[in-house]
Amino acid sequence: MFPSFIPPEVRGLSEATSIALAQKIESQPIVTPKGSVASTYVCQGNGNPPIVLLHGFDSSVLEFRRLLPLLAVERETWAVDLLGFGFTERLPQLAITPEAIKTHLYCFWKSAIAQPMILVGASMGGAAALDFTLTYPDAVAQLVLLDSAGLANPPVGGRFLVPPFDYWATEFLRNGRVRQQISRAAYYDKSLASPDAHLCAALHLKLPGWNRALAAFTKSGGYGGYKNKLPQIQQPTLIVWGENDRILGTKDARRFEQGIPNSQLVWIPNCGHVPHLEQPEQVAEKILSFI
């Protein structure tokens with residue numbers, strides 16, 4: 001029922017949308033300048049231009065288990081695991097940096113999609129989408145940011161993580177209790193931080209190299225500092241923000257709207273940091289209307 005490269009704990013999923021998406025995850029070798037990487041994704045639906053979904057920090061394509069099927073009713077819709085995250089292969093020789101992630105995503109786009117897309121990024125995925133759009137504007141027809149990161153300057157502390165502190169930091173994030181606290185903080189409706197949601201957010205931790213890749217990305221400095229580059233984005237941009245976001249707050253929503261010339265902001269009421277999980281029907285309607 002499930003792909004062989006997904007950890008066997010996947011059989012513990014209980015929500016229909018989680019099970020259905022996990023069964024559809026595919027793996028394809030993507031050739032990058034640093035070598036071939038087995039890259040994971042889900043693709044459903046028909047209709048152009050295609051929609052491409054980018055997940056948040058330490059997450060996977062399963063983050064879009066509720067949104068992707070709704071978008072796929074009208075459009076070809078992809079969810080892609082970023083380099084170093086999700087179920088995509090973590091090669092020891094590959095540096096996990098924003099630059100490497102962007103290059104891998106471009107190689108994936110060129111190989112699998114090869115036409116201007118609607119690029120949708122959630123949280124850190126929003127920062128990755130901004131970075132990609134600024135570098136490869138011809139590949140992006142429209143941009144959608146879901147409670148996006150990217151305005152604050154990258155934190156400098158992570159760059160000084162040295163063994164064994166980098167290992168301790170990743171093991172702290174592996175802790176189930178810590179992850180559950182983060183999950184509860186992300187939702188307005190705390191009941192959505194369910195056992196199924198916890199498993200969706202933790203399956204990729206079982207893969208080889210998870211802690212090494214996460215530590216490498218943290219040491220790179222991660223994403224941020226795009227505030228002064230926002231005026232360069234000429235694509236029509238939709239900014240979707242949960243009114244009750246306790247992870248990033250709500251001030252950056254207005255800053256994105258003010259900084260990106262051709263943008264519009266919509267608020268999702270009774271919603272925290274993950275509107276695509278908490279209010280997927282509203283988010284899908286907003287995205288499809290925008291397109």
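The buried residues of helix 1 (residues 16–24) pack against strand 2 (35–44), helix 2 (68–72) and helix 7, where contact means heavy atoms within 4.5 Å, and where helices (H or I, at least four residues) and strands (E, at least two) are DSSP runs numbered from the N terminus. These buried residues are Ser-18, Leu-21 and Ala-22, the word buried standing for under 20% relative accessible area, with exposed for over 50% and partly exposed for values in between (1.4 Å probe, protein chains only). They lie on the same side of helix 1 because they cover an arc of only 100° around the axis, the arc being that of the directions from the helix axis to the C-beta atoms. The model is predicted, so that local features need pLDDT of at least 70 and side-chain atom pairs count only at pLDDT 80 or more, while totals for chains, interfaces and linings use all residues. Residues are numbered from 1 along each chain as its sequence is written, and side-chain values use heavy atoms, with hydrogens and water left out.

Rings of Phe, Tyr and Trp (its six-membered ring) are taken as a pair if their centres lie within 6.5 Å, and planes under 30 degrees apart count as stacked, over 60 as edge-to-face and the rest as tilted. By this rule there are 11 aromatic pairs. One of them joins Tyr-41 and Phe-108, whose ring centres are 5.5 Å apart with planes at 65°, so the pair is edge-to-face. This pair links distant parts of the chain, since Tyr-41 belongs to strand 2 and Phe-108 to helix 3 (residues 98–113), 67 residues apart. Tyr-41 is buried, with a relative accessible area of 7%, and Phe-108 also counts as buried, at 1%. The rings of Phe-85 and Phe-217 have centres 5.3 Å apart and planes at 80°, so this pair is edge-to-face. Phe-85 lies in the loop between strand 4 (77–80) and helix 3, and Phe-217 in helix 8, 132 residues apart; both residues are buried. Ring pairs link Phe-57, Phe-85, Phe-217 and Tyr-223 into a cluster.

The lining of the largest pocket comprises 41 residues, of which Gly-56, Phe-57, Asp-58, Ser-123 and Ile-182 lie nearest the centre of the pocket. A pocket is here an open set of points on a 1 Å grid over the protein atoms alone, where a 1.4 Å probe fits, with protein on both sides within 12 Å along at least five of seven lines, and lining residues have an atom within 4 Å of a point. Helix 6 (176–186) is among the helices that each supply at least two lining residues, and the largest share, five residues, comes from helix 6.
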